[in-house]
Each structure stands twice: as C-alpha cells, then as structure tokens.
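Thank you all for making the time this morning. I would like to walk through one model with you, beginning with the chain as a whole and then turning to its cores and its helix packing.

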Amino acid sequence: MTRKLTPKQRKFADEYIKSGNAADAARKAGYSKRSARSVGQENLTKPDIKKYIDEQMAEIESSKIADAKEVMEFYTRVLRGEELETVVVGTADGAESIERPPTTKDKTAVAKEILKRYPGNDKLVEQQIRKLKADADIAETKAKLLRGGKDNRQVKTDEYLEGLKAILKDE
C-alpha cells in the first residue's frame, strides 16, 4: 500500500524532475539550506517518492515520443497528400513561404516504409536481400580481379617475397 506524498515531498519530486539536482530540489521544496543535500539524497531513496518520480518521468517520456500508430498515421497523411510542407520560394519581391503537398518521391518513400510494417511483404525483403548479396559478390569479384585473380594470402606472400628480393639485391 502506497501512502500519499506530503506537499513538501511532492514539491521536492517535481523540482527534482525539472533540475535533476536533489539538493537544489530540496531547497526549493522548503527544506533547510543546511540539510538540503542530505535530505535530497534521502528523499531519492524513499520508495513512495521514487515511484512518483518514475511515474512522472514515464508520463513525460510517453508524451514526447511518437508511438507506432502516430507514425503510421503521419505516413498515411503524407501518402494521401494531406500533410503539407512549408517551403520558402524566391519571388520578385524577395521571399515567400508557401505550403506544398508531398512530392512523388516523398510519397514513394513513405509507401515503402508502410509496406515494411505489414506481413506478407516477404517477397520484397527477399528481393532486397538477393540484390545485396549480388552486389557483395560483384564487389568481391572486382577486388579479386584488381589483385590479379589472387586471394589475399597469395598477394601478401608475393609482396613479402618481392620485399625480400629487394633487400637481398641491395646487400
């Protein structure tokens, strides 16, 4: 069973949330300047105060961070051309702000983002993976050709032998 915080404890917790400084929060909550540091630290260990602070922080964070539904709604508004962007354009009289709908490029990008989030999209993912693997194979083959068809061990051995020959030649 949790007990209610006293007005002083609640003020301390609210001030601590704002500043992150326990001693400062204790002073602002009305605790004596002399004991503010120790009272502040002690208050942070009290389960009821800690729980209140954690709940308030969770509420603050949840209101600041978009959830998946909010993101999907935004993507949908962009895709449908309902979300407008403010753009500054040059005019004969200087500059002017105008509202413009999303471009085809913007709509295509959000359409891809929406499709990523729906099941049954495995074919698209498989195609992307195959393309990435093919690109990697091509890059590896090009690198091998640049090394004269040799793998890394062979190149290092050849370089080592060439270095030895050069040393022996100088002696």
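This is a predicted model: local features need pLDDT of at least 70, side-chain atom pairs count only at pLDDT 80 or more; totals for chains, interfaces and linings use all residues.

**Overview of the chain**

As for the contacts between residues at least 6 apart in sequence, 39% of them join residues that are at least 24 apart.

By way of background, nonpolar side chains in soluble globular proteins tend to be buried together. In this model the largest nonpolar core has 13 residues, and those with the most contacts inside it are F12, A13, A26, Y31 and I49. The elements that each contribute two or more residues to this core are helix 1 (7–19), helix 2 (22–29), helix 3 (36–45) and helix 4 (47–64), with helix 2 giving the most, namely four residues. If we take A13 and set aside its neighbours within four places in sequence, we find A13 in contact with I49, Y52 and I53. There is also a second, separate core, made of five residues, and among them are Y75, V78, V110 and I114.

**Helix 4**

Which residues of helix 4 are buried? They are D48, I49, Y52 and I53, and because the buried residues fall within an arc of 135° when one looks down the axis of helix 4, they line one face of the helix. These buried residues pack against helix 1 and helix 3, while the face of helix 4 that is turned away from the buried side carries P47 and S62, which are exposed. As a check on geometry, the 18 residues of helix 4, at 1.5 Å a residue, should span 26 Å, and this agrees with the distance between the end C-alpha atoms, which are 26 Å apart.

**Helix 2 against helix 3**

Two packed helices are described by the distance between their axes and by the angle between those axes. For helix 2 and helix 3, the axes come within 7 Å and cross at roughly 105°; since angles of 65 to 115 degrees count as roughly perpendicular, helix 2 and helix 3 are therefore roughly perpendicular to each other. Where the two meet, helix 2 brings A22, A23, A26 and R27, and helix 3 brings A36, R37, G40, Q41 and L44.

Definitions and conventions. Residues are numbered from 1 along each chain as its sequence is written. Side-chain values use heavy atoms; hydrogens and water are left out. A nonpolar core is a set of buried Ala, Val, Leu, Ile, Met, Phe, Trp, Tyr and Cys residues joined through side-chain atoms within 4.5 Å. Buried means under 20% relative accessible area, exposed over 50%, partly exposed in between (1.4 Å probe, protein chains only). Contact means heavy atoms within 4.5 Å. The expected span of a helix is 1.5 Å times one less than its number of residues. The arc is that of the directions from the helix axis to the C-beta atoms. Axes are lines fitted to C-alpha atoms, for helices over the stretch in contact, and angles run from 0 to 180 degrees between N-to-C directions. Angles under 35 degrees count as roughly parallel, over 145 as roughly antiparallel, 65 to 115 as roughly perpendicular and the rest as oblique.
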